[in-house]
Amino acid sequence: MSDHIQVTDLTVRYGDQTILNDINVSISHGSWTCLVGPNGAGKTTFLKSLLGMTPYSGSIEDKGKEVFKNHQRNVAFVPQNPQIPQGMSVAEYVMLGRSKKDGWGNESAKSRSFIHDVLVQTHLYGMQGNLVSHLSGGEMQRALIARALAQEPELILLDEPTSALDLHHQIAVLNNIELLKERGVTIISTMHDITLAAMYATQIVVMHQGKVLLSGLAADVIHSPELKNAFDNRISVYTLESGRPVIVASKDEVL
Amino acid sequence: MITQEKSIARIWNWRITASAAFVLLIVAIFAVSLGPINIDFIEVFKTLFHLPGHATGQNQTVILQLRLPRVILGVLVGAALATSGAVYQTVFHNPLADPYLLGAASGAGLGATLALISTHGNSYALLPIFSFIGGVLAVLTSFFISGKFFAEPNTLLLSGIAVGSFATAIQTYLQQRHSAVLRPVYSWILGDLTSASWSVVAWSSVYIAIALFILFSVSKQLDGLMLSDEEAFSLGINPNRLRIMAVGAATLATATAVSASGLIGFVGIVVPHLVRGITRRVTNRSLITIALTGAAFLVLADLGARTLLSPAELPIGVITAFVGAPFFLFVLRNRRKAGS
C-alpha cells in the first residue's frame, strides 16, 4: 500500500474536447499540494477527478485503490461555487458533514459537541441558527470549510478556497486549513494566487492547457522558468528580504 | 458528559413530530364522530380502542365500516401525497414541484378514462388498477425519454411535462368521443374518498407503507441532494442512486394514492411548505412530521367535504384548495417577513 495518490496517464474528455491530457503526478499524503495555472488550465477538472466524480481514462490510485466512484474514501470537497440550499441553517449545513459518521440517523452528542468546536474554530459560533442563504461570501466560505472539518476527512479538496475572501479572511481560512495539515490531513487545492500558494503549499503543480508543466517542492517551482512559461511570461517573481517570494502580473509585458 | 455550553442544540426536536401525531389522532377521532349521524366523541374513542361502553348496532357499523376506513384512507393518501411532494421538491430543487410532476396524474387520468370507457362508465372495479398502471407508465416513460436517468434533472422535469401533456391530449380526445364518461372522469379528477372500504385500505396501505418506509429511511441523505452532486458525493452519498430510489418510492406512493382516491391537488405542495414554515426546518428529517400533517390535513378536508353541504358531498380537491391556498399564502408571507 503506497502512501501516495498516484496519477498515471490521466485524460479527461468532454465530448471531443480534451480537458486533461495525459497527466502523471504523484501527491504524497500529509502534504499540501496547490494546483496553479491560468484560467482554463484544467485545475477544477483535475480536482473533481481526484474526488472520484468525473469519469476519466488512465488511473488515479489513492493508497492503491482507484478513486472513481469509490465511496469508501473520506474526502471532503469545498467547491468554488457551492449550491446554496434554501432555508437550511448553518448548524444543519455543517452537521451534514457528520451525517455519514452518525449513520444517517440523528446526530450523536459527540457530533454536536464536535460541531460546536468547529463553529468556534471557524468563527461561526453564534450564527448557527442563521440561514446559509443569508450568509456573506466570506461567511459562506467558512461554513464550507466548517462542513469539511466536520467530516474529519483524510483528504480535503478545495477549489479556490480564498477567491471570495478579503485579505484578512484569506489568511484566516488558509491558517485553518494549515491546522488540518498538522493533523495529518492531505490537502489539495487550486489557487489562482501563486504568492499565497507559495506561502502555504508543500508541493506545487503547475498546469497549462490540460497538462502538467511542472510539479515539485514549492520553493523549487516558484523560481523555475516553467512557471513563467505557464503564464506566457506575463508574471514576475520577486523575493522579499525575509526570503518570501511574491509573484505579480507584469503590466508591461502585454503581447 | 457534554455540557450545553460545549455543544450545539439538537437539530431535530422530537416534540414537533409528537405534536403532529397528537393533532392527527384528535382530528381522526373527530372525523369519525362527525357526519350525518353525530356520534359522541367518547363513544368513538371507546369503540376504536374496544374499551367497555363501546358503540353497538348502527353506531358500531357507522364507525367501523363506514367512517373508520374512510378516515384511514385519508390518512394514507394525505401522508403519501405530502411526503412525495416534499421529496420531489428536494430532488428537483424546485419548491413548486408536486407529486404529479412527472406525469403521474395525467397518466393515471388516462388510465381511469380507459377503465371507464371499457366498462361503459358503470364499473369502478377496474379504475384503481388502470389509473395505477397509467400513472406508473407515464413516469417510467418520462424517465426513459430523458435518457441517462439523472444526468440532468431538468431534462427529466421537461420530459415529465411533455409526457403529461401527451397523456392529457389522448384523455381529452377519448372523452370527446365517449361523452358518457365525461362526468365520472371529471368527478374522479376532483378526487374523493367515497370508495373507501377495508379492502381499498388494505391494498393501498401495503404500497404506501413500503414507499414511506423507504423515504423515511433515506430522509437525511436527501438533505445532501440540496447541495451540488460533487458535494453530496464527498459527504458519502451516491446522488443518482439516491434520486432514483427517492423518485421511485415517491411515485409508488403517488400512484397508489391517485388510484385509491383520484386526483387530490394541493396537498403535495402546501403541506411540506406549511410544516417547513411553521417549524422553520427545511431538512428532510421533518418528513415524518410532513406525513403526519398531510394525513391530518386530508382527513380534515374530507370531513369538510362530507359535512359542509350534507347530505351532498363536495369534491375534496375543492376543499384542499379552498382552505389550503389562503393558509399557504399566510405562511409564505410570514416566512418572508421572518427570513428578511
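In the predicted model, B:Arg10 is placed in the segment that precedes helix 1 (14-33) of chain B. B:Arg10 has 12 other C-beta atoms within 10 Å and is therefore classed as exposed, the cut-off for that class being 12 or fewer. Between the C-alpha atoms of B:Arg10 and B:Val318, which are 308 residues apart along the chain, the separation is 39 Å.

The largest nonpolar core comprises 177 residues, and A:Val94, A:Leu157, B:Ala211 and B:Val299 are those with the most contacts inside it. The greatest contribution to this core comes from helix 3 (residues 57-91) of chain B, which supplies 17 residues. Because domain 1 (4-73 + 154-253) and domain 2 (82-151) of chain A both provide residues to the core, the core lies between these two domains. When neighbours within four places in sequence are left aside, B:Val299 is in contact with B:Val27, B:Ala28, B:Ala31, B:Val71, B:Gly74, B:Val75 and B:Gly78.

Helix packing within chain B was examined for one pair. The axes of helix 4 (residues 104-118) and helix 11 (residues 239-261) of chain B come within 10 Å and cross at roughly 40°; helix 4 of chain B is therefore oblique to helix 11 of chain B. The crossing of these two helices of chain B is right-handed. On helix 4 of chain B the contact is formed by B:Ala104, B:Ala105 and B:Ala108, and on helix 11 of chain B by B:Thr251, B:Thr254, B:Ala255, B:Val258 and B:Ser259.

The contact between the chains takes 31 residues from chain A and 25 residues from chain B. On the side of chain A that touches chain B, the elements giving two or more residues are helix 1 (43-51), strand 6 (75-78), helix 2 (90-95) and helix 3 (109-121) of chain A. Helix 3 of chain A accounts for the largest share of that side, with 5 residues.

Positive backbone torsions were also computed in chain A. For A:Glu160, a residue other than glycine, phi is positive, near 50°. A:Glu160 occupies the loop between strand 7 (155-159) and helix 5 (167-182) of chain A, and counts as buried because 20 C-beta neighbours lie inside 10 Å. Phi of A:Gln209, again in a residue other than glycine, is likewise positive and near 50°. A:Gln209 is situated in the loop between strand 9 (203-208) and strand 10 (211-217) of chain A. With 15 C-beta neighbours inside 10 Å, A:Gln209 counts as partly exposed.

How values were computed
Residues are numbered from 1 along each chain as its sequence is written. Chains are lettered from A and ligands numbered from 1 in the order in which they are written. This is a predicted model: local features need pLDDT of at least 70, side-chain atom pairs count only at pLDDT 80 or more; totals for chains, interfaces and linings use all residues. A nonpolar core is a set of buried Ala, Val, Leu, Ile, Met, Phe, Trp, Tyr and Cys residues joined through C-beta atoms within 7 Å. Helices (H or I, at least four residues) and strands (E, at least two) are DSSP runs, numbered from the N terminus. Domain bounds come from an automatic or database domain assignment. Two residues are in contact if their C-beta atoms, placed from the backbone, lie within 7 Å. Axes are lines fitted to C-alpha atoms, for helices over the stretch in contact, and angles run from 0 to 180 degrees between N-to-C directions. Angles under 35 degrees count as roughly parallel, over 145 as roughly antiparallel, 65 to 115 as roughly perpendicular and the rest as oblique. A crossing is left-handed if the near helix is turned anticlockwise from the far one by less than a right angle, and right-handed if clockwise.
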